[in-house]
Amino acid sequence: MTKTTGYDAIIIGSGFGGLYALHHLRDEMGLRVRAFDGAGGVGGTWWYNRYPGARVDAPSSPFYAYTFSKELVDEWTWTETQTSQASVLAYLEHFADRFDLRRDIEFETWVNDARYDEAAQRWTIETDQGETASAQFLICATGALFVANMPDYPGIGDFAGACYHTGRWPHEKVPFAGKRVGVIGTGSSGIQSIPEIAKEAEHVTVFQRTPQYALPARNRPLTPEETTQYRKDWDDLRTSMRKRGGWPFPTNRRRASDHTPEERRAVYEELWEKGGIHLSINSFVGVLVDEGLNEEVSEFVRGKIREIVRDPETARKLMPDYHFGTKRLILDNGYFETYNRDNVSLVDLREDPIEGFTPWGVRTKHGEHPLDMLVLATGFDAVSGSMLKLNPMGRGGVRLERKWSGRFDSYLGTTIAGFPNLFMIHGPGAPGVFFTMPLGGELTTAFIADCICHLREKDLGAVEATEDAEASWNREINEIADRTLYPRTNSWYMGANIPGKPRQFLGHLRGSQYFDRLVEVAEGDWDGFVFEPIRKDGASG
Ligand code: N01
């Protein structure tokens, strides 16, 4: 019989969320904790997404980082304003070493199964290494952007050249020199990688389904003065990030109607020049709510694309036609300029769809595209995908895939009715990708820790969200999303990138309000949860 090792908590995943949860639960709370990760090292998404040009596309250095330890802030020096994948990974490796986390993580170990034992009030997991472990609490830090979306074109397997997905990029350098490379997909991963691949490859053919807005990242070195300043101001910045949905600085509250079209245009110009996320968050109130204002900003960005791209036919194909900002914001480093190179061409899949693959390339309606290599920048089964891959079995033997067959219900984005003692970090219904994720993970972990303390103090065996709480949470997040333009666009926020996936807004748009709510629930009567006493017939503990 296999030996089962017992812990207080099992964590799945060692990205930003999982590493912090391990540190907090083990070192701050004194729990016996074990973490598992299928990857060969820490980093989560930053371990996998090594494609050329990969950089943070959120408010970046120094804010895309843990905030809880001033010592950590002081000892780690960020070098650029838009952090590269290699730097984020180095930071997470440093974090794991500094807090001695690796000794409690099993790498290259997939959790194949997780089942809740109602009598024992514990979760049991099985790994692909033949190991079994159990714990009272299961913490799923499985990643909002983990399960790769592989396009299901018939015959794609006929292509005989190398084929890579950006989210599963090899660790060794991929040589592009002398190669004809096809890139399918123009989200963040495609838009970041295409300029880098084009610098080296003989030819790059981009297969675009939806033209995108992208803002210039204007990446630059962080100066020593800036570093000294943010370290000095860190406590205030941290408080400010918590209050402002992850971005520490006040956003502009000016109203578009108080300004002439010329004045508004000057504002857009200034923010475009400033680069990064400024045009998206700092122009006028209501860009993501007011259709007319949104169209004005959309048209401004289209105008920039027309100015940059010299060939009018290519520029025409690159014109985005959805509401600006309603797909995940993309920050680019010379993406549109890349189309001025002689070795880059664009295929608009809406006019010229893929019809098949041959061993030596792609065949579209209007032509053959000979290729040596294919890069799939086709994204992820976002937010819900990694939980469904784990597919835990909850109360009554019900699997998550059954519970979530038509809708991804959660309560507070962290718990699921029917799945006692299970917590998610950045699950469906949480702000996840709308809030600076490292800080969001810290605040979510604080909530989980409070809940565990509550159980311990009151001698309780299990906690579970009620279905009523889930239903009202679902209504609440949809009401917030429905007041905006987000639901009108087919995006991964809506689950629209995966054929057959239920359409539902997958996040919570008001990060600060969300974390206030977590505190309110934890400091109140645990509204929306039911607790079970420790079962004397079981084997809890
Ligand atoms: O994926 P995406 P991504 N045939 O889903 C297209 C984060 N991220 O990996 O728009 C042809 O955004 C698809 O077309 P359409 C970031 O949050 C972070 O780029 O669905 N095309 C789209 O163009 C980001 O938002 C960082 O019509 C197909 C593209 O592929 C999220 O990850 C870096 C297709 C996919 O775009 C996902 O970004 C990169 C098909 N069958 C990403 N299927 C950092 O911070 C899909 N597409 C480092």
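This is a predicted model: local features need pLDDT of at least 70, side-chain atom pairs count only at pLDDT 80 or more; totals for chains, interfaces and linings use all residues.
Q: What kind of aromatic pair do Phe434 and Tyr493 form?
A: A search of the whole structure finds 51 aromatic pairs. In the pair of Phe434 and Tyr493, the ring centres are 4.6 Å apart and the planes make an angle of 40°. Planes under 30 degrees apart would count as stacked and over 60 as edge-to-face, so what remains is tilted.

Q: How many residues apart in sequence are the parts that the pair of Phe434 and Tyr493 ties together?
A: Phe434 lies in the loop between strand E17 (422-424) and helix H15 (437-457). Tyr493 belongs to the loop between helix H16 (467-482) and helix H17 (511-523). The pair therefore ties together parts whose separation in sequence is 59 residues.

Q: Which class of aromatic pair do the rings of Phe447 and Trp526 make?
A: Here the centres are 5.5 Å apart, with the planes at 50°. Both residues are buried. Because of that angle between the planes, the pair is tilted.

Q: How far apart in sequence are the parts tied together by Phe447 and Trp526?
A: Phe447 sits in helix H15. Trp526 is in the loop between H17 and strand E19 (529-533). The pair thus links parts separated in sequence by 79 residues.

Q: Which ring does the charged end of Arg168 sit over?
A: A charge sits over a ring if, for Arg, CZ is within 6 Å of the ring centre and within 35 degrees of the ring normal. The charged end of Arg168 is 4.5 Å from the centre of its ring. In a further case, Arg50 lies over the face of Trp47, 5.3 Å from the ring centre. For Arg168, the ring is that of Tyr48.

Q: Which strands are at the edges of the open sheet of five strands?
A: The strand order in this sheet is E7-E16-E8-E9-E12, with parallel pairing. From one strand to the next, the twist averages 20°. An edge strand pairs on one side only, and that applies to strand E7 (162-165) and strand E12 (344-348).

Q: Which residue in E16 is the bridge partner of Val183?
A: Strand E8 (residues 180-184) pairs with strand E16 (residues 373-376) in the parallel sense, over four bridges. In E16, the partner of Val183 is Val375.

Q: Which helix gives the most to the lining of the second largest pocket?
A: About 660 Å³ of space lies in this pocket. Its lining has 27 residues, and those nearest the centre are Ser61, Thr81, Arg220, Trp247 and His278. With three residues in the lining, the helix that gives the most is H6 (residues 224-232).

Q: Is Glu108 buried or exposed?
A: Glu108 is placed in the loop between strand E3 (105-106) and strand E4 (111-117). Its phi is near 50°, a positive value in a residue other than glycine. Most residues other than glycine have a negative phi. With a relative accessible area of 54%, Glu108 is exposed.

Q: Is Asn421 buried or exposed?
A: Asn421 is found in the loop between helix H14 (400-403) and E17. Asn421 has a positive phi, near 60°. Its relative accessibility is 1%, so Asn421 counts as buried.

Note on methods: Residues are numbered from 1 along each chain as its sequence is written. Side-chain values use heavy atoms; hydrogens and water are left out. Rings of Phe, Tyr and Trp (its six-membered ring) pair if their centres lie within 6.5 Å; planes under 30 degrees apart count as stacked, over 60 as edge-to-face and the rest as tilted. Helices (H or I, at least four residues) and strands (E, at least two) are DSSP runs, numbered from the N terminus. Buried means under 20% relative accessible area, exposed over 50%, partly exposed in between (1.4 Å probe, protein chains only). Two strands pair if DSSP finds at least two bridges between them. Axes are lines fitted to C-alpha atoms, for helices over the stretch in contact, and angles run from 0 to 180 degrees between N-to-C directions. On a 1 Å grid over the protein atoms alone, a cavity is a set of points where a 1.4 Å probe fits but cannot get out, and a pocket is an open set with protein on both sides within 12 Å along at least five of seven lines; lining residues have an atom within 4 Å of a point. Grid points are joined across faces, edges and corners, and a volume is the space filled by probe spheres set on the points.
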